Amino acid sequence: MKHKDNDRPGFEYDQSTRTLKIDLYQDGRKGKRLRRTVRDISRRDAERVYRELVGKLEKDEVPIGWKPTLRQYIEQHPRRQRRRTPKSQRTAKHVQKDLLGPSSEDVKSGATPDSSAFGEVRIDQIDNDRIVAYVEERFARGLKSGTIRRRLTELRALLKEAIVRGIITKLPFTPSIIFESVPDSGATARYLTPDGRRAIVAAFDNEQAFRTYVKEHRSPGVVKVWRRNGKERRFGGGLRHTSEATGEAFSRFRELKPLVVCLLDSGLRLDDVRLLTWDRVDLDARTIFVEQAKTGEPVFIPMTSDLHACLTKLDRDATQPYVFVTRKRRPFSLSRVNRAWKRAKELAGIQGRFRIHDCRHSLASALVQTGTPLYEVGQILGHKDQRSTKRYAHLAPENLRSAIRNVERWQRGASRDEGAVVKFVVNEAAPTARHPAVAENVPTPRATQLVEKKKGRGRGPDQIRLERETGLEPATSTLARLHSTN
């Protein structure tokens, strides 16, 4: 129920939606108009906000018509972060930094000014022309269309929150036109073959290959000599492949094997695996049940035999909730996981760009290529949108081949019946002869359509055929059957 108070002009409170709307004028109806919308607020707080705003308006403390720049808006109203991982939060800050561009203080310090950025532009003046200039400048820098689209998506989200806060009334640019001008380049799904997966896993057990790699890639430094009490000690010079330190490095490298196997066999994202806790793992039922950090959606994953064997061998500490931990019983850091992954790729002979996240694509590709329906693949990966799963549909060539084989069987069946003729009943004096192997969809004359539509109920095919051939409607269905037998 909406409540308007005559003692409070411009005050409107909707009790059902807990929304306050303020509509005031400065210097009468001919003056400037002030509008505010505050959501999820109680009646008492709404009255307080109204009194404070009227008091500021009487003291000319509210600059009506003034809009903040994008930089001022972000400083005053931080982006409403959904449930994000630390990595995605860093990415959002990087995107906002690119949208804002260098500040005036940075330019004075020697930074290159960016005229296409939106930092010093009022949020209600970020129109289509400014967006196009930003896109063209970013393309000139060599950025891909997917990167530019993500930054425009962040900008649109910021301005939509400004609409909710009542700072602007609508988006100053046209999203459909802008995003159509920046085509989506699409995600590239890289995945491992079965041999590649085995090579990655085997790299964590091959100490000899690890030592050989250290020997081939050793970068010797300066050997320093330290003498004390007549004894000499040498240190420096780089890691030697025959030393105990190399064996210790391999032992630390091998500690990440269970984590990598979990990445390969579960399809979970890195942070979901790195911060996985024992209360989400059921070794008896061989299942993992987690809520994804990116989307918050729950996902239920059965374990493979390799993953179950790796998790069973782990030492479980009652005081430590995490599954994959270092010797100090702490979760592995991102830097350590990335270093181990890079070393495992080099030992496995995998060249080119293959990221940790591509382990997720590898599981999806393996599921699709073995005939798993796309719906089940999406359930295992925890996709909220089925379109995310459809990117792997092209990896199931056997399904397409089976469809073509169905066509071939249909063709063979048609060829065995050489005398089969496709007949068409048309309201014509003499039907045109057609080749037996060709079928055409001939439309029914409109006059016949009207008759069928009007009296189609209770009429059999013989009756309809008699009507089409003779132009007369039989009195009863019995006459139609007699006609068909003659």
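View 1. Glu120 is exposed, with a relative accessible area of 52%; here exposed means over 50% relative accessible area, buried means under 20%, and partly exposed lies in between (1.4 Å probe, protein chains only). This is a predicted model, in which local features need pLDDT of at least 70 and side-chain atom pairs count only at pLDDT 80 or more, while totals for chains, interfaces and linings use all residues. Residues are numbered from 1 along each chain as its sequence is written, and side-chain values use heavy atoms, with hydrogens and water left out. Glu120 forms a salt bridge with Arg71, and their closest N and O atoms are 2.9 Å apart. Arg71 lies in helix 2 (residues 70-76) and Glu120 in the loop between helix 4 (104-108) and helix 5 (128-140), so the pair ties together parts that are 49 residues apart in sequence. Arg71 itself is buried, with a relative accessible area of 15%. A salt bridge here is a side-chain nitrogen of Lys or Arg within 4 Å of a carboxyl oxygen of Asp or Glu.

View 2. The side chains of Asp98 and Arg151 meet in a salt bridge, 2.9 Å from N to O. This pair links distant parts of the chain, with Asp98 in helix 3 (residues 86-100) and Arg151 in helix 6 (residues 145-164), 53 residues apart. Both Asp98 and Arg151 are buried. Take a moment to trace the surroundings: salt bridges that share partners join Asp98, Asp114, Glu137, Arg138, Arg141 and Arg151 into one network. A search of the whole structure finds 25 salt bridges.

View 3. Glu47 and Arg43 meet through their side chains in a salt bridge of 3.1 Å, N to O. Both residues lie in helix 1 (residues 43-58), four residues apart, about one turn of the helix. Glu47 counts as buried at 18% relative accessibility, whereas Arg43 is partly exposed at 30%.

**View 4. Helix 11 and the cysteines.** Helix 11 (residues 257-266) is mostly covered, with 10 of its 10 residues buried; among them are Pro258, Val260, Cys262 and Leu264. Gly267 follows helix 11 and has a positive phi, near 75°. Cys310 is buried, with a relative accessible area of 14%, and Cys359 counts as buried at 1%. A search of the whole structure finds zero disulfides, a disulfide being a pair of cysteine sulfur atoms within 2.5 Å.

View 5. Three strands form an open sheet in the order 7-8-9, with antiparallel pairing. Strand 7 (281-282) and strand 9 (298-302) stand at the edges, each with a single partner strand, so one side of each is left without a neighbour in the sheet. Two bridges join strand 7 to strand 8 (residues 287-291), and two strands pair if DSSP finds at least two bridges between them. Look for Asp282, whose bridge partner in strand 8 is Thr287. In the whole protein there are 21 helices and nine strands; helices (H or I, at least four residues) and strands (E, at least two) are DSSP runs, numbered from the N terminus.
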